Amino acid sequence: MKKKITLNLISIILLVALTLILKVALAQNILLTLGEKQNYLSKRVSSYDRSGGNRDFLTIQPGQTVVLAEIKGPAAIHHIWVTISAEAFYGRKIIFRIYWDGEDSPSVEAPIGDFFGVGHGLNRNLVSLPIVRSSEGRALNCYWYMPFRWSARITVTNEGSRPVGSFYYYINYRQLEDIKPDVPYFHAQYRQEFPCDPNRNYTILEAVGQGQYVGCNLSVLQRSMGWWGEGDDMIYVDGEEFPSLHGTGSEDYFSDAWGMREGHHLYYGCSIQEEDFQVGAKATVYRFHLTDPIPFFKSIRVTIEHGHANDRADYYSSVAYWYQTEPHKPFSPLPPVEKRLPFALERKDNFHLPVWVKTDKSQAQVVAFEDQIRGTRISAPALTQVRTSYYDQTGQRYQAIASEGASPNWRAELSVKTDLHDIYNLEIYYLKGPDQGNWKLLREKPIAEKPAEGGEKLLDKAEEKTEEETTEDQLEQTEPEQPKEPEYLTLARVNAFNPEVEIDSIIVKGVELIEGDNHFLLEITGKEARSGGYELAIVGVNPIPSRENFAGEWNLIGPFEAPDMNFLTVAFPPEKEINLRRSYPGKGGQSVSWRQVKALPNGYVPLNQLLQPNEQAIAYGLTYLFSPEEREVVLLLGSDDGVRLWVNDILVHTNPTYRGAYPDQDRVKVRLQTGWNKILIKVLQGAGGWGYYLRIPDPKSEYRWSAQPQSK
């Protein structure tokens, strides 16, 4: 055994050493060319702010296509860098295209994340020669060499549902004197089959013309258990019936062995591999033919089996990279976003990926699981934890807490924890599937505070009896009073049958939740005839405040100068006096004065739209809050970026932070006086967006906001 371990260690050391030698040799070859005369001019197109400011990015609206670059040739692109701030899974929602020499059909067309080597709409680091991703996959670099004769047009399209907040990019290229007439052009194409066709191999590339295939990446989402590989690669060149290149297995083509595991190499690697190999497990692998491109003179077809002899129906997607002379065979239309992301579960409002853990408090007859993030708890006689195919923007798969062997009237206790007394919309995520039953959500009716008529008199008479007056016969005849079964309200009913397993949700509106634990019951009521069982599975519970009561009316003034976060504590005129008729020197020497504005319907005050200039600046918002009595309350605010808050001229909160604004980021306990309370907020903009939210929980509809407190 010791000898075997020693040999394995020696093998690993030799492999690492060989890799280092290859990298050094390659680096030396690249460095050698630096001492040669260069015959081109270096050029760049980027997203820098043409006005001289610091907004060095594009904002792209849903459905909008923007042109990143239009470059005249002859030239060659040799580096593209991109970083993006956008909604979840933007890697599959933003489409990257390149058109050469005025063509109508793009030669490069792929979701931007897949083009840069990582699938499933996720961000991951990747290190290879032509593609490098860093900063947890958020810095996207491409070093493919892309020559062209007359022109290059590069575009991106936002096919998501929300604006791309920040799209930064560099496109570095070299202006050439000329390129040879027969130089092939760079191409890249995205494909997918969800699921793969059992009657044929998965096609990575099918091209007509003359050129060379230089590699691909392949993403897999498993639809059955076990190892997804064992599929042979088969590459057909120039119309041949039998492939001239026939491989021995998926991991073999991608240059690994005995399965795949995450790792990065110059020519091959694996950026994602979930090694439980259960339904829903994901992988992305890549292979670049940089030292061994595969030439073709008429056509090429690159394929791979999905499982041995195509015996698996997994979801495959890929990007092929190749060079060829134009014209190229036009690409098939891309599938829509929802078809490209069938198991990507976007977080709504404040929903999070639950972390379910079996609790130590579980008793012999009861099993309990608790969400370690939110504190939601589910307990029942028989529960188990299952992993779903759905995943969040980090790639983590959602889990569900499921019944085992449930039957009609089976019950589970559900405890929902909140830290604020408020009215909520209760969003419950659950599994639908072929073995799921029908169930309902119950809550115990509140006990009437007033005793029944005559109850107090009867109680007095009962207390007058003494122990001596109670005979043995009476003791024998008197049975102990049985506790009454609580009465329940039915809040929702669910039919959870579905031919396929999927996550769905219901929203129960207007539920009053107290601070702490709130108790409910989940009860099986039956099933559809088609269902194979009565099971129930809960993914998570999301309480969303329904009466958010945002401050919607504001007096606003600004911008004032704020070169950095230190200026958050500098006292500008609104901190010294509130005079809505006065004007003051603002940013850049301009005169600024108070004006009334309204928040957007979602409660957001978009300072970057309301004030100019809107970089490295400070603004103040003034409003008033009516309280029916003196009391301690919680104010909830969100800001982009740093923020200070005063209540009745008392500084109650300071947070010097750089962040995007979301509701309820900061919680501030304050004491309100009876009647109108003056609320002053100060928000600093560092870079990017600028704005804020402010609200108060209001379960009894007691509070009012107004920009003019005298209007009661």
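**View 1. The second largest pocket holds about 650 Å³ of space.** This is a predicted model, and here we look into one of its pockets. The lining is made of 22 residues, and those closest to the pocket's centre are Ile30, His78, Tyr143, Tyr145 and Arg174. Which helix gives the largest share of the lining? That would be helix α1 (residues 2–34), with five residues. Rolling a probe the size of a water molecule over the atoms is a way to see where empty space is left.

View 2. As for disulfides, the structure holds zero. A disulfide, by the way, is a covalent bond that links the sulfur atoms of two cysteines.

**View 3. Seven strands make an open, antiparallel sheet.** Reading across, the order is β24-β25-β26-β29-β34-β31-β32. At the edges stand β24 (356–358) and β32 (488–495); each has a single partner strand, so one side of each has no neighbour in the sheet. On average, neighbouring strands here are turned by 25 degrees against each other, direction ignored. Strands of a sheet pair through backbone hydrogen bonds.

**View 4. Strand β31 (residues 438–444) meets β32.** The two strands run antiparallel and are joined by seven bridges. Look for Leu442: opposite this residue stands Thr490 in β32.

How values were computed. Residues numbered from 1 in each chain as written. Predicted model: local features only at pLDDT ≥ 70, side-chain atom pairs only at ≥ 80, totals over all residues. Heavy atoms only, no water. 1 Å grid on protein atoms, 1.4 Å probe; cavity = no way out; pocket = protein on both sides within 12 Å on 5 of 7 lines; lining within 4 Å. Points joined across faces, edges and corners; volume = space filled by probe spheres on them. Helix = DSSP H or I, 4+ residues; strand = E, 2+ residues; numbered from the N terminus. Disulfide = S-S within 2.5 Å. Pairing = 2+ DSSP bridges. Axes fitted to C-alpha atoms, helices over the stretch in contact; angles between N-to-C directions.
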